[in-house]
Amino acid sequence: MSFADFISLGPLITLCAAAVIAMLLVAAWRNHRLVYFFTVLAFVMALLSVFPAIRYLPHQIPPLLVIDEFSLFNSGLILVAGFIILLLSFNYFEEREERKEEYYLLLILATIGALVLVVSRHFMSLFLGLETLSISLYGLIAYLRARERSDEAGIKYLILAALSSAFLLFGMALVYAFSGHLDFPGIGDAITKAGRLPVTVIAGFALMLIGIGFKLGIVPFHMWAPDIYEGAPLPVAAFIATVSKGAMLVVLIRFYQDIHGSSWPMLWWIVAIIAVASMFTGNWLALTQQNIKRMLAYSSIAHMGYIMVAFLSGVQTGLEAIAFYLVAYFITSIGAFGVLIVMSSSRQDAETIADYQGLFWRYPWIATVFTAMLLSLAGIPLTAGFIGKFYVVMAGVNGHLWFLLFMLVANSVIGLYYYIRLIAAMFRAPREGEMPTMITPSLPVAGNITLGLLTVLLVVLGVYPTAVMQLIQQMMKILV
């Protein structure tokens, strides 16, 4: 390995070393606070190692990995998201689990898997990253052993993830049988030379779409999402909603660009149908939910549908819109789950709408933060979510996707109802003699500070998105 390879892979190498040290720490001295602070230090070091890698861009480690502006930006985004989830995790697990330390080891490993995905340009590295992420999530989802729903969610994810991986591998094999390549550019060149999509490749792409669609939680591969979100610990649900889906989306974009997917109408129509189905299914099912975890699960399905509109536009603004939307979605989703985390007691999670009745009159600060996050998810002006949706619409206009834009606008209106319903419940004044279903005696300081920073970021990006957008435009040139 050359010095340039070492520096370019700095974030990955740092976290891999941290995983080994964390395992030794747990084996030698089981101390929650010690392992937590070490994990915080590891994420900080991994984030700092992103900056020296900029000097060597673009850098390839053939044939498996590529570190360019696109992958490095998303690596930084994943590390920041993982770091924020880590900050929200300490108090949550301190009150709930006797053996807490292994959680941080699994979180590091899951983040490593996500980082491998965003730098992948080869089927082998894609599968290794995906399995590292998935196997870590098996343990994370079922981590709270005393909860029946947690065990159930872990088993469901294990079975469905294993099944989707089998579909993904079979699809890769079919694509390899035709192209003779496992690297994305080689596959694209082979299909371009053939001038057509043979049945083998179509079948391979269809099977791969099942595996990728499962990770993204898009229709019709979405049935796992609400049960997993409900059964998983809240920080883990936040990780799945953001880091796991974001990493898979990034590698899908890379693959689609390298095989020149926009040149093949059949692929475009398949993704378009999935986008419309995801928007409608996610929003309509969210309307009926009283459990906020399940509501956010269905909401994430709809948001994946919105992102697909920019994905299908086939223009540069579409890729830029996806990148900004991911930034806004990460901030908003982690903030929403963060509110649930700080409001939960050691006995149960604050996960139903009834738990938040009259919240403003008990905890006005938390109600204000939650309102900002929900308004951003709904795409209301002065929030990052509005700017993200605006860029998606702009990409759709540039790509002349009028029908998909109509579907996006219609579903955004539908989505307003369940967000506003929760906001109304928080601000409704309690009736005389009415007691809240859950009373949290004190809110963790770290959680309050983290939520405050996320709210500031949400508003800043909603008012002044120019700086982030300029950075995105610069790093997206590598894909155009």
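(Buried denotes under 20% relative accessible area and exposed over 50%, with partly exposed in between, for a 1.4 Å probe and protein chains only.) The model is predicted, so local features need pLDDT of at least 70 and side-chain atom pairs count only at pLDDT 80 or more, whereas totals for chains, interfaces and linings use all residues. Residues are numbered from 1 along each chain as its sequence is written, and side-chain values use heavy atoms, leaving out hydrogens and water.

(Helices are DSSP runs of H or I with at least four residues, strands are runs of E with at least two, and both are numbered from the N terminus.) Glu152 is partly exposed, at 42% relative accessibility.

Next, select Asp227, which forms a salt bridge with Lys156, the closest N and O atoms being 2.8 Å apart. Because Asp227 belongs to helix H12 (residues 224–231) and Lys156 to helix H9, this pair ties together parts 71 residues apart in sequence. Asp227 is partly exposed as well, with a relative accessible area of 25%.

**Second stop: Glu230 and Arg294**

Continue to Glu230, joined to Arg294 by a salt bridge of 2.7 Å, N to O. Glu230 is in helix H12 and Arg294 in helix H15 (residues 292–312), 64 residues apart. Both residues are buried.

Finally, select helix H2 (residues 10–28) and helix H7 (residues 101–118), which pack at about 160° with axes 9 Å apart. (Axes are lines fitted to C-alpha atoms, for helices over the stretch in contact, and angles between N-to-C directions run from 0 to 180 degrees.) Contact here means heavy atoms within 4.5 Å. Residues making the contact include Leu12, Leu15 and Ala19 of H2, and Leu105, Ile108 and Ile112 of H7.

Note on methods: Salt bridge = Lys/Arg side-chain N within 4 Å of Asp/Glu carboxyl O.
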